[in-house]
Amino acid sequence: MGYDFDRIEKKWQKYWSEHKTFKADINHDKPKFYVLDMFPYPSGAGLHVGHPLGYIASDIYSRFKRHQGFNVLHPMGYDAYGLPAEQYAIQTGTHPEITTEKNILRYREQLDKIGFSFDWDREVRTSDPEYYKWTQWTFIRLFNSWYNKKTDKAENISALISHFEINGNTGLEAANTCEEIFTAEFWNNTSEKEQQQILMHYRLAYLSETMVNWCPELGTVLANDEVKEGLSERGGHPVEKKLMLQWSLRITAYAQRLLDGLETVDWSEPIKEMQRNWIGRSEGASVDFEVWDGDSSLTPPLPIAIGDSPKGKEQITDKNLNESTKVLPFGEDLGGVNNPKQQTLKITVFTTRPDTLFGATFMVLAPEHELVTQITTPDRKVNVLAYVSWAKNRSERERMTEVKNISGEFTGAYGINPLTGGKLPIWIADYVLAGYGTGAIMAVPGHDSRDFAFARHFNLPIIQVVVAEGEEPTDPATWDDSIDSKEGVMVNSGFISGMQVKNAINTTINKIQEMGIGYGTINFRLHDAIFSRQRYWGEPFPIYYKDGMPYTLDESELPLKLPQVESYLPTEQGDPPLAALTDWKTKEGYPLETNTMPGFAGSSGYYLRYMDPQNKDEYFSAEANQYWRNVDLYVGGDEHAAGHLIYSRFWNIFLYDLGLACETEPFKKLINQGKIQGRSSFVYRIPGTNKFVSHNLRKDYDTQRLHVDIDLVENDVLNTEGFKAWRDEYRNAEFILEEGKYICGWEVEKMSKSKHNVQNPDALIEKYGADTLRLYEMFLGPLEQDKPWDTNGIEGVFRFLKRLWRLYFDNNDQLIVTNENATKEELKVLHKTIKKIHEDIERFSFNTGVSAFMICVNELMELNCHKREILEPLALLIEPYAPHVAEELWQLLGHQGSISTVDFPQYDEKYLAEASFQYPVSFNGKMRFKLDLPVGLTIAEIEKAAIESDEAKKWMEGKPLRKIIVVPKRIINIVV
RNA sequence: GCUCGAGUGGUGGAAUUGGUAGACACGUUGGACUUAAAAUCCAAUGACCAUUGCGGUCGUGCGGGUUCAAGUCCCGCCUCGAGUACCA
C-alpha cells in the first residue's frame with residue numbers, strides 16, 4: 001500500500017471540515033494574526049495551477065503561525081461581480097447569478113482538494129445582498145461626507161451645511177470643485193435644488209459631468225487602471241474619451257495621506273513605487289497669466305482676486321488644481337452673489353519650475369481648455385476650431401501612438417508674462433493634457449524637451465535661463481535639444497539671475513505670492529475614481545432622484561437588491577440595463593439610479609467584513625475590529641498595484657476617519673506572488689502531410705510547428721496514441737521518431753486555452769495528491785518571481801514524500817518507529833532542519849524550505865533512523881507544507897486530534913555544536929584543499945596549522961608567504 | 001523616453017552578512033534488483049585539457065575597478081521582463 005495519499009487526503013479534509021479545525025473566533029488569550037489572500041473572481045475556466053501558488057504560500061504561513069500559538073484568521077471568499085459572467089449572460093441569456101454560483105461551486109471544490117486551512121464560516125461574496133448592503137452603506141457615508149483640510153479628515157456633510165448657513169463658503173478649507181464664493185445669505189435664500197448642486201462640489205461621492213474612458217464594445221466606462229495602452233484591460237477593446245454624467249469618489253482628497261501611508265507599510269519597493277507614480281505628487285507653483293486685451297500698453301492691469309485664492313503667507317497650499325471635472329450637472333450657472341464677471345481673462349498654469357518664468361516664450365492650452373473659444377481671434381478661428389475637433393475625434397490610442405508628431409495651432413491671443421511683462425503667443429496643442437494640472441502651460445523651450453521640439457517646429461523663440469555651474473550660456477539656435485536644468489545657476493532672469501535653481505524657485509514663489517498672481521502648490525496626477533458602470537451585474541446605488549437631484553436611501557432600506565431584468569443589454573437609448581425596468585423606483589415613486597458600481601467597489605472593504613461576516617446590524621463590530629485590526633500578511637498578484645490596493649487603502653482611511661476602522665493602513669505586509677507561465681509543447685508537421693517529425697530531427701525536414709495539448713506529453717515525450725485520438729484530423733498521423741520516441745519541442749508562453757498549455761490542479765492531485773502539489777508549487781522557485789510551469793519536476797517531490805513515509809513504515813505498512821534515544825548525529829540533522837525551516841518560512845523562501853526537507857529525509861535515510869525522538873518533530877515540522885500526510889503520521893504515532901495547533905519544534909543550538917570545522921584553504925583566493933581543525937584554536941594556531949599542513953607545502957613550494965587571512969569557522973586564505 | 005526588476009550547468013533553481021559557485025530537484029548516462037517492466041536503490045553528471053593514477057585551466061550577460069577574497073560591492077555597457085507614458 002505504502003503512501004496512500006488519496007485515502008489520507010480525503011480523510012483529513014473531511015475531518016477538518018467536520019471539526020471546523022480552522023474556525024477562528026475572537027480569543028483575547030492569544031495574539032491574533034490575520035493572513036489574507038486576494039479573493040478570486042470565479043471564472044468559468046476554474047482554477048489553473050497559477051491561482052493556488054499564493055494561496056499555498058499563505059496557507060503555509062497561516063499553519064506555521066498556528067503552531068506558534070497565534071489565533072489565525074485565514075478567510076476566503078469571492079469577488080463575484082464582474083464582466084465575464086455578464087458578457088456570458090448577454091450571449092446566452094443565462095442569469096449571471098447562475099453562472100457565478102456554478103463557478104463558485106467549482107472553485108470551492110478545487111480549493112477544498114488542495115487542503116487549505118480556510119475558515120469557511122467567514123466566506124463572503126460581493127454579490128450577496130448581505131455583503132453588498134455594506135458596500136452601499138459605505139457609499140451613503142461617502143455621499144454624506146466632505147473633506148476638511150483643516151482637520152485633515154472626512155467629516156459629516158451636516159457640519160458643512162452649518163458652516164454655509166453661518167459663513168457661506170468662506171473661511172473653509174475643503175477638498176472641492178466649487179469655483180464660486182457665496183455668502184451665508186445666498187445659501188440661506190437659495191433653493192434646495194441649488195443647495196444640493198453646491199453640496200455636490202464637496203461630497204466625497206459625487207455626481208459630475210466627467211471625461212471618462214468609454215468602451216463602446218463593453219458598453220461601459222472604465223477606470224484609468226482598467227485601460228492599458230488605450231485598450232480595455234478585459235477583452236482588449238478600443239476606448240474613447242467621452243463626457244458623461246458619472247458618480248465619482250473624491251479619492252484625490254486623500255492623495256497625500258495615501259502617499260504618506262506607503263512609508264509605514266512593509267510592501268515591496270516596486271509596488272510602492274508604482275503607487276507613488278500613480279499618485280504622482282509634484283511640487284510647484286500655480287501662476288496666473290493675463291490675456292493681453294489688445295491695449296498697446298503692456299502694463300498688466302491689477303489682478304482681481306477670485307475664488308479660493310491662497311490664504312496668508314503659507315508657502316505651499318494643497319489646493320487641488322485638478323479641475324477637469326465640472327460639477328454642474330445640468331449646465332446651470334450657480335449665480336452666486338459674489339461672482340463678478342472677470343474684467344480681464346486669465347490663464348492659470350501649473351509649473352514645477354517657477355524659476356524658469358523668465359524663459360517662458362509662449363503658452364499652450366489643451367484643445368479642450370475652456371478659454372480656447374473665448375481668446376481665439378477671429379482670423380484664427382477656422383484653424384483653431386478645426387484643430388480642436390480633430391483632436392477631439394482622435395482615439396486615445398491614436399493620440400498615444402502619435403506622440404512624436406508635433407501639432408498645434410496659434411490662437412492669435414497673447415498672454416502676459418507676469419514677471420517680464422512680455423507678450424507670449426498662446427497656442428493650443430494636444431501635447432498639453434486637459435486632465436493634468438490646469439490644462440495650460442507656460443512653455444519654457446530652453447529647458448523642456450517637449451516645449452523645445454514644439455518651438456523648433458513652429459519657429460518660436462528659445463531663451464536660456466539656467467546654466468550649469470561654471471559654464472557659459474550658449475546660443476539656443478545651435479542646440480539639438482533643451483538643456484537640462486535640474487541644477488545650475490539662473491541667467492537672463494531679472495531678480496533671480498545668479499541664484500541657484502533651488503533658491504530661485506523659492507524666491508519666485510514668494511514674489512508671485514506677494515504680487516497676488518500665484519502661490520506655491522502641490523499637484524497630484526491621481527484622479528478622482530469614476531464609480532459608475534453602465535452594466536447590470538454590480539451593486540445598485542442606494543440613490544434615488546427627486547427634482548433631478550440625487551438623494552440617498554435611508555440606511556434601513558438597505559440592501560437595495562439587484563432586480564431581475566429581461567435583457568442584459570443597454571436600452572435603445574443607450575442607458576444601462578436597469579433603465580429598462582418600469583418599477584425601478586422607491587416606494588414613493590422616485591426613480592432609482594440605473595448605473596451600478598464598478599468591480600473595485602466590493603473588493604475595497606472585504607478584508608474588514610471578514611472580521612465579522614455575519615453581522616446583521618453593522619459592517620463589522622468594534623470588538624471584532626479592535627481584535628483583528630488589519631491584515632498582517634496579504635498575498636496576491638501585482639496586477640492590483642494601481643487599482644485595488646489604492647482603492648482599498650482609500651476606503652479604509654475613510655472608515656478610519658469615521659471612527660470605524662482602528663488602523664489607517666489595511667495591509668501591513670504585502671507579498672506579490674509571481675505569475676506562473678505556461679510551458680507549451682510543440683509537434684512538427686511536414687506541411688501538406690500528416691507526418692510529424694521528432695524535435696531533434698526537424699532540421700532535416702521542412703516543418704511547421706503546432707501546439708499540442710500538454711496532457712499528451714510527459715517529459716517532452718509525446719503520447720502518440722493519445723495524439724491520434726486527440727483530434728480527428730490526426731487519426732492517421734505518422735511519426736518520424738528518434739530512438740523510438742517522439743520528442744516535443746517547448747517554449748514558455750502565457751498560459752492560455754488556445755496554446756493548449758493550461759494546467760489545472762485537479763489531474764495532478766488525482767495522480768500525486770495535494771501534498772505533492774503544494775510542495776511542488778513551492779519548490780518551483782522563489783514565490784515572488786514569475787516562472788514557467790513545468791510538470792517535469794513533480795516526480796521528484798512525489799518521490800520525496802514516499803521516502804518520508806518509509807521513515808515511518810516498512811514495505812508491509814508496519815510502523816517501524818522506535819523509542820530508542822537518538823544519536824548526536826540524528827539530533828543534529830533534525831535541529832539543522834528546524835532552524836532552516838523556521839528561517840525560510842519567516843522570509844517567505846518556501847522553495848529552499850522544501851529542499852531542506854529533502855536533505856533532512858535523505859540524511860535520515862542514510863542514518864537509517866526510525867526514532868520517535870526525531871520523527872515526531874519532523875512530522876510537525878512538515879505540517880504547514882504537507883498537512884495531510886503530517887496529520888496522518890501524527891495520528892499513527894499515537895496522538896489524538898489534529899496536529900494543527902501543536903507547538904512547533906524549537907531549535908536548540910547545542911545540537912549543532914561541532915568539535916571541529918573543516919576549513920577551506922585558498923591560495924590567492926582559489927580554494928585548493930580542506931583542512932579539519934578543532935574549533936577552539938586561536939587565529940595564530942590556525943595559521944600555523946594551515947602553513948604546516950602537507951597539502952599547503954605543495955602549494956607554497958618555492959613561493960614566499962606574503963600574507964595569511966583567517967576567518968574563524970569560515971575560511972583560510974594564503975597569499976603567496 | 002522614464003521607473004523598477006532580472007541575467008548562474010541541458011532544465012527549475014541554491015549560495016541569508018563579500019568567505020568552499022552550482023545545494024536540492026529534474027533530465028541524461030551507467031549499474032543493482034527483476035523472466036521482463038514498473039517501482040526502488042547505488043554511482044557519475046558545469047565546460048575544456050589530461051586521462052595510467054594523479055591532476056590542471058576556465059567559468060555566475062559584457063568591459064573595467066575595489067579587496068587577501070566578488071555571483072554578491074562600485075563605474076560603464078548589453079539583453080530580457082514588468083509598469084508607465086507628452087504629467088508641465
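Helices (H or I, at least four residues) and strands (E, at least two) are DSSP runs, numbered from the N terminus. The surface near RNA strand B holds 21 nonpolar, 22 polar and 17 charged residues. Here Ala, Val, Leu, Ile, Met, Phe, Trp, Tyr, Cys and Pro count as nonpolar, Asp, Glu, Lys and Arg as charged, and the others, Gly among them, as polar.

Residues are numbered from 1 along each chain as its sequence is written, while chains are lettered from A and ligands numbered from 1 in the order in which they are written. Because the model is predicted, local features need pLDDT of at least 70 and side-chain atom pairs count only at pLDDT 80 or more, whereas totals for chains, interfaces and linings use all residues.

The assignment for chain A, an automatic or database one, lists six entries: domain 1 (35-124 + 602-672), domain 2 (139-276 + 528-580), domain 3 (281-304 + 342-523), domain 4 (678-762), domain 5 (790-909) and domain 6 (916-975). The centres of domain 1 and domain 2, taken over C-alpha atoms, are 24 Å apart. Contact (C-beta atoms, placed from the backbone, within 7 Å) links 28 residues of domain 1 with 29 residues of domain 2. On the domain 1 side, α3 (83-92), α19 (644-657) and β24 (667-672) each give two or more residues. Of these, α19 gives the most, with 8 residues. This side divides into 17 nonpolar, 4 polar and 7 charged residues.

The axes of helix α24 (residues 824-842) and helix α26 (residues 868-878) come within 10 Å and cross at roughly 15 degrees. Axes are lines fitted to C-alpha atoms, for helices over the stretch in contact, and angles run from 0 to 180 degrees between N-to-C directions. The two helices are therefore roughly parallel, a term for angles under 35 degrees. Glu-826, Leu-830, Thr-833, Ile-834 and Ile-837 in α24 meet Ile-870, Pro-873, Leu-874 and Leu-877 in α26. This contact comprises 7 nonpolar, 1 polar and 1 charged residue.

A cis peptide bond joins Leu-558 and Pro-559, with omega about -5 degrees. Pro-559 lies in the loop between β22 (549-552) and α16 (599-603).

How values were computed. Angles under 35 degrees count as roughly parallel, over 145 as roughly antiparallel, 65 to 115 as roughly perpendicular and the rest as oblique. Two residues are in contact if their C-beta atoms, placed from the backbone, lie within 7 Å.
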